[in-house]
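Let's take a guided walk through one protein model, from the overall outline down to single residues. Keep the structure open beside you as you read.

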Amino acid sequence: MPINDDILSSLINNDKKDSTIPKKLTILPLRDVVLFPHMIFPVLIGRSSSLKAVAEAMEREKFIFVASQKDPSVEEPTHNDINKFGTVAKILQVLRLPNNLLKVLVEGVFQAKIIGIVKNSDNLEAKVEIIQSKYDEKDTELQAMVRRSSEMFSDYVKSNRNLPPEVVAAFENLDDSSRKLYYAAANLQHKAENKQRIIEKTNLKDQYFELISMMSEELEVLKLEEELDEKVHDTIQKTQKKYFIQEQIRTLQKELDEDDELNPEISAIREAIDNAKMPEHALARADEELEKLKKTPTMSPEFSVIRSYIDTLTSLPWSIKTVDNIRIEHVRTILNEDHYDLEKPKERILEYISVLNIVGSLRGQILCLVGPPGVGKTSLGKSIARALGRKFVRISLGGVRDEAEIRGHRRTYIGSMPGKIIASMKKAGAINPVILLDEVDKMSMDFRGDPSSALLEVLDPEQNSTFNDHYLEIDYDLSNVLFITTANVKYDIPAPLLDRMEVIDISSYLDHDKLEIAKRHIIPKLLREFGLESVNITFTDKALIKIIREYTREAGVRNVEREISSVLRKVAKELVQEFETKENAKAAKKSTKESKNGSKQPQFKLPKKKKVVIDEDVVVKFLKNPKFRDKNDELNDKIGVATGLAWTSMGGDTLPVEVTIMPGAEKLTLTGKLGDVMKESATAALSYVRSNWYALGVPENFAKDKEIHIHAPEGAIPKDGPSAGITMSLALISAASSRPLRGDLAMTGEITLRGNILPIGGLNEKLLAAKRKGITTVLIPKDNQQDISEINPIITNGLQIVPVGHLSEALPYAFRTETKK
């Protein structure tokens, strides 16, 4: 209840040694804390308004009004953000801390209420009214509340582990009922908004009622916590008891020497070790791990780690070996069944089989199939395994950048496992499988190691008999494995790794090759997949050639398969629609009564006598407009335009180079997303033409006050390599002398500052690209002349291949006005 000024003055004089409380007090807002009277509490202050409030309070007899914020997240509270009920406190001590912080020790004096707001630009200030509640000894209900709260508080302290027993002793030493109320409320672990309800009550009986309610809730929560603790304790005791009994059983088994017989799990592991037929070093390690397993409690995490390791050892093939079918004719038949052409790799496999027939075993055969995508590298590996009768496992290395992927993880790591090699041997179940390491040129490295370096041991015949996986930590023999690797680009394979492999180049397919592959393999395969074998579906050769030439442009046959698949899907759709049309016509003839009875939907059956012929018109109908068309105007003679030949991972392609000379700043401009090597080739070509202007028949000052622009069309595609040097040189000569270059001429070769033409790679793919383009004459470096004998005659037929060793030798073939020497 509110008290008058006389009573308040006497109370302050008695309790605070003649101190007087001002009617206007500065306000100190608190977050998540409620300060009660007779409570000493340290406050850390950093807000500027609070700092000013404390400074002003120090000048007003050190009294300050302390209240909690309604929303603790508000950084700069106003009067509306602060609860009206709080505590008048006295500042006992102020300590200045680093970073402009203050540590203020305050003591609650009286419960108070804001009755008016005082305007202050520096800090919050208000008029407060002191609230003093009196204890009525005649009020029996209040007495009962005080006694009940005392009992509950004692029980609360005893049940709460965070409060020391001394709290109860201090509580019992208090005589004043108000002090007991505030002491108990301050020690309750409750939310600030709940404690605020006590400070907002102006009657002592109401305050005790709130206190008892809060303590009842806390005692219920503490009771539940005790029950949970008892349940956990009982569970732990049961686990310990079980462990103790297991240890006793294990001790008795040791005494009786019947450990294996009495434990079926250990007995099964022992049997698996005996049946694995491991070599001596592996058997010794397995026995050692088994002894560890016997001594390890089943509840221990180490138990599962050891068990997994032993399971890996016993599941690996140590002596199981498949019998090779090494008859030459059988292997040749299987290879020819699965693949058309590819004579060179087939011949190499037959050589391997021949030596295997003589020696009985052969080590050190690591084959690397290099070629564009879709030419059959991966499927050839499967055919080799099928021909030999061996197990086949494929390991994809594309994007692998962790050494542990090859060598495995050490057992110290959680979730460790063997690497891809050991996992493949486990999957194969034999010591002599065919393992295909696919995309070996697409590995990378980072801070976790270099997987290509880890493969050195795997692919080295002198080392792979003692391959050591980090997980196994024992040697494993890989010498009986036939490793086959595949790659698109040979130059992306690390040199030490490439040195351990025998490279077999698989070139791009010609149009007639794709035609035969489509007829022999692709179409029968797709007919089986689509369930159209019973239908007489035939493709004409002209239709297939149209798909190959006008709807695909690739080195392999993947897109050819996609386009043929698209045609067959549309054929299937027409067959189903035709069937549904006939069934609907039959259903229309039936009576309405029969249809209402709910007849079953007729099951689709393929028309066996149906004959479907897919010719060029059907291809255009199903596949719409062709995606690729040969542009005949590109074969016309033009000034400053030369046709080069490029090699990519997708096969060969033509690369037109355009040169324009125009007035402007004397400089060389290169466009078309050219790489550094290609830019250097352009600079070398310009330097040669300028230094040999007279011999080449160009004006002496053709580059003076002129800007020379060299452009490679299809600017979004990156281009690089030195083989365009001769192309840029002849295009420069044509532009400088205003002589048109032959449009049916293509060329390739690196040029030096002396005009020499250096050899290049990928000649087979480049000549094939020229053939597809309709080129009739191709200039190649003289040092590549020896490679022509290895190229399929189908490619060279109709091509005039001219070897040149110097740029001057190319001029008679480049310009029609030149006289051949």
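Predicted model: local features only at pLDDT ≥ 70, side-chain atom pairs only at ≥ 80, totals over all residues.

The values below are all computed from it.

## The overall outline

How many helices and strands does the protein chain have? There are 29 helices and 26 strands.

Taken along the principal axes, the C-alpha atoms fill a box of roughly 130 × 95 × 85 Å. Of the 821 residues in the chain, 44% are buried.

## Salt bridges across the chain

A search of the whole structure turns up 38 salt bridges. Let's begin with the one between the side chains of Arg285 and Glu473, where the N to O distance is 2.8 Å. Arg285 sits in helix α10 (residues 280-295) and Glu473 in the loop between β10 (467-468) and β11 (475-476), so this pair ties together parts that are 188 residues apart in sequence. Are the two partners buried or partly exposed? Arg285 counts as buried because its relative accessibility is 16%, whereas Glu473, at 36%, counts as partly exposed. Both residues also belong to a network of salt bridges that links Arg285, Glu289, Lys292, Arg411 and Glu473.

A further salt bridge joins Asp338 and Arg386, with their closest N and O atoms 2.8 Å apart. This pair links distant parts of the chain: Asp338 is in helix α12 (residues 328-338) and Arg386 is in helix α14 (residues 377-388), 48 residues apart. Asp338 has a relative accessibility of 26% and so counts as partly exposed. Arg386 counts as partly exposed too, at 42%.

## Back to Glu809

Which residue forms a salt bridge with Glu809? The partner is Lys782, and the closest N and O atoms of the two are 3.7 Å apart. Lys782 lies in the loop between β25 (777-781) and α28 (793-796), while Glu809 lies in helix α29 (residues 807-814), so the pair ties together parts that are 27 residues apart in sequence. With a relative accessibility of 40%, Lys782 counts as partly exposed.

## Patches on the surface

Let's look at the surface next. Leu44, Leu95 and Leu97 make a nonpolar surface patch of about 250 Å². One of these residues, Leu44, is found in strand β2 (residues 40-45). Its relative accessible area is 57%, so Leu44 is exposed.

Which residues form a positive surface patch? They are Arg569, Lys570, Lys573 and Lys624. Among them, Lys573 has its place in helix α21 (residues 558-589). Lys573 counts as exposed because its relative accessibility is 52%.

Leu515 and Asp541 are 26 residues apart in sequence, and their C-alpha atoms are 7.4 Å apart in space.

Lys62 has a positive phi, near 65 degrees, in a residue other than glycine. You will find Lys62 in the loop between α2 (48-58) and β3 (63-68), and its relative accessible area of 34% makes it partly exposed. Asp705 is not a glycine either, yet its phi is positive at about 55 degrees. Look for Asp705 in the loop between α25 (693-696) and β20 (706-711).

Notes:
Residues numbered from 1 in each chain as written. Heavy atoms only, no water. Patch = residues over 30% accessible without salt bridge, like charges linked within 9 Å, V, L, I, M, F, W, Y side chains within 5 Å. Areas by Shrake-Rupley, 256 points an atom, 1.4 Å probe, with all protein chains shown as cover. Salt bridge = Lys/Arg side-chain N within 4 Å of Asp/Glu carboxyl O. Helix = DSSP H or I, 4+ residues; strand = E, 2+ residues; numbered from the N terminus. Buried < 20%, exposed > 50% of the residue type's maximum accessible area, 1.4 Å probe, protein only. Lys, Arg positive; Asp, Glu negative; His and termini not counted. Charge placed at Lys NZ, Arg CZ, Asp CG, Glu CD.
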